[in-house]
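Have the model open in your viewer and get your selection tool ready. We will go stop by stop.

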Amino acid sequence: MTAHDHRHSLYTVDQVRALDRRAIDELGIPAYELMQRAAAAALVCLRQHWPQARRIAVYCGPGNNGGDGFLLGALAREAGIHAEVFALGESRGDDAIRARREFEHGGGTVVAWNEAVALPPVDVHVDALYGTGLQRALAPEVAALVGRVHATGAPVLALDVPSGVNANTGDVPGEAVQVQVTVTFIAPKRGLYTGLAPGYVGTVQLESLGLPETLWQGARADAELMRPQTLPPRPRQSHKGNNGHVLAIGGDHGTAGAIRLCSEAALRGGAGLVSVATRAEHLIALNSARPELMAHEVNGPQALEALLPRATVLAVGPGLGQGAWGHALWLTALDAQLPLVLDADGLNLLAREPRGFSGPVVMTPHPGEAARLLGCDTRTIAIDRYAAVRELAKRYGAVVVLKGAGSLVADPQGRVAVCRWGNPGMATGGMGDLLTGIVAALMAQGCDAWQAATLGVSLHARAGDLAAKHGGERGLIATDLLEPLRLLLNGRDA
Ligand SMILES: NC(=O)C1=CN([C@@H]2O[C@H](COP(=O)(O)OP(=O)(O)OC[C@H]3O[C@@H](n4cnc5c(N)ncnc54)[C@H](O)[C@@H]3O)[C@@H](O)[C@H]2O)[C@@H](O)CC1
Ligand SMILES: Nc1ncnc2c1ncn2[C@@H]1O[C@H](COP(=O)(O)OP(=O)(O)O)[C@@H](O)[C@H]1O
Ligand SMILES: [K+]
């Protein structure tokens with residue numbers, strides 16, 4: 001992928017290193033000057049977020065991230081801010097060593113950190129321990145420092161990456177610094193946006209260090225950040241037959257809620273018609289709750305086959321179960337040669353009985369389902385969500401949404417888009433069922449699998465944010481998203 005808009009492109013750590021090298025080799029900017037620019041940008045960021053800050057503490061690790069910290073300490077002192085600088089280990093590498101000397105030549109004193117050192121009272125802590133060079137979990141003594149910094153309650157600014165966060169993957173293998181602001185240099189690292197990282201990074205501010213656009217042009221990026229999108233307005237002459245017909249299949253005994261949420265989301269996602277193939281016992285409840293739904297009793301494959309000719313997209317899985325009924329409907333749906341959205345038990349059945357697809361498919365696993373599909377544990381998924389989602393998309397020949405904080409969407413060719421919206425209020429039952437219905441509705445309206453998945457994920461997460469903005473995160477429930485979803489789908493976000 002070429003990256004013309006580097007603010008929406010996400011890079012692996014190796015790709016960021018390649019950009020650094022090009023800045024040094026092709027633009028002739030010495031690495032030490034990049035470090036100086038990073039420190040200057042960090043000071044601007046610090047003052048922008050905490051204009052009243054008079055005292056800061058900077059914790060410097062042994063590498064170039066620590067080098068950035070020493071130079072920030074020097075600049076802060078020059079600007080009249082009292083900076084106490086702590087070193088964790090000896091600086092390694094010419095630039096980091098030179099940065100430390102520059103701080104000391106300016107009159108600053110570096111305190112070698114040990115656990116007997118008292119943390120000074122400060123307005124802001126600056127985390128310059130580790131950046132993109134983090135290789136493993138923080139050592140116990142560093143983790144102890146992190147705990148003490150957190151306990152002060154004062155805000156933290158991270159230089160480049162919060163220490164302990166793997167900037168390449170978003171994994172956090174042990175302790176990590178939880179910060180209010182991460183000022184990241186040169187390019188957005190893909191790991192800051194997904195998995196455990198969103199719990200640590202706070203606001204991510206990109207500083208391009210005055211490097212020209214040409215640096216990013218032609219440079220490889222690994223993924224893209226989703227941008228807010230909607231669908232174009234409907235043609236005035238539109239009729240329900242133009243807007244697709246979603247058939248939602250599921251709702252075994254005792255699981256009516258999942259299929260109702262999915263089908264209602266398909267209606268609010270703009271599908272022209274929404275039918276439900278479910279157990280007889282759910283029909284009255286579905287019809288009385290949502291008379292716009294066409295609910296059908298389906299007791300086996302034949303009854304489902306009768307509904308297929310009118311459907312444009314099948315949403316398969318919410319509340320489907322993995323019993324004989326669910327399995328038989330699942331097989332019929334997968335053989336129907338219609339576009340599919342597969343979720344929940346639709347995915348669990350696929351993990352049990354792997355197979356290919358004949359038409360376009362979007363799969364929407366959460367990490368637990370993803371682990372079943374890949375035959376691994378959820379920890380393996382968390383270690384590298386980018387690798388997991390790409391492997392799923394490739395293995396199943398489908399567009400795959402790997403849900404959870406910083407949802408990822410991948411296609412079988414390896415393209416990946418990252419969702420930067422959503423909130424922990426959405427960690428509640430039924431949210432995934434909505435997503436299935438939304439993605440199906442978008443496919444029914446003519447989006448291809450990639451468009452439906454990326455637009456669906458972004459609308460769902462933004463609807464979650466809008467709902468949480470009005471009522472808060474705790475107590476947010478899936479149906480709260482339906483009205484904001486409709487607003488966002490129509491390009492309104494008030
Ligand atoms: N090269 C460049 O062009 C620029 C680099 N910059 C800074 O340089 C950083 C990268 O510097 P480095 O590559 O030196 O990497 P780091 O400073 O992140 O850390 C590398 C050092 O830490 C050690 N280490 C890693 N994980 C450890 C752990 N868990 N426990 C103990 N030791 C560990 C490594 O062995 C190595 O000595 C960036 O994040 C950024 O802050 C900026 O100055 C901007 C420009
Ligand atoms: N902390 C979070 N941040 C952002 N989005 C979240 C968070 N927790 C859950 N979500 C989103 O909510 C949805 C939950 O889906 P899922 O786990 O399938 O729930 P369910 O099976 O109950 O419907 C996913 O789209 C997921 O990305
Ligand atoms: K850091």
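**Stop one: paired strands**

This is a predicted model. Start by selecting Ile56, then look across to β3: Ala83 stands opposite. Now widen the view to the strands themselves. Select residues 55-60 for β2 and residues 82-87 for β3. The two pair in the parallel sense, over six bridges.

Next, follow the chain from β2 to β3. The path goes through helix α3, residues 64-78. This β-α-β crossover is right-handed.

**Stop two: on to β4**

Select Phe86, then find its opposite residue in β4, Val111. Colour residues 110-112 to show β4. β3 and β4 run parallel, joined by three bridges.

How does the chain get from β3 to β4? Trace helix α4, residues 94-105, through which the chain crosses. This β-α-β crossover, too, is right-handed.

**Stop three: ligand 2**

Move to ligand 2 and show the 18 residues around it. Which of them come nearest? Pick out Lys403, Gly422, Ala427, Met431 and Gly432.

Now colour the shell by class. Seven of its residues are nonpolar, nine are polar and two are charged.

Then select two helices, α14 (431-444) and α15 (449-471). Each supplies at least two residues of the shell around ligand 2. Which element gives the largest share of that shell? Highlight α14: four residues of the shell come from there.

Notes:
Residues are numbered from 1 along each chain as its sequence is written. Chains are lettered from A and ligands numbered from 1 in the order in which they are written. This is a predicted model: local features need pLDDT of at least 70, side-chain atom pairs count only at pLDDT 80 or more; totals for chains, interfaces and linings use all residues. A residue is near a molecule or strand if its C-beta atom, placed from the backbone, lies within 6 Å of it. Ala, Val, Leu, Ile, Met, Phe, Trp, Tyr, Cys and Pro count as nonpolar, Asp, Glu, Lys and Arg as charged, and the others, Gly among them, as polar. Two strands pair if DSSP finds at least two bridges between them. A crossover is right-handed if, with the strands pointing away from the viewer, the path from the first strand over the helix to the second runs clockwise.
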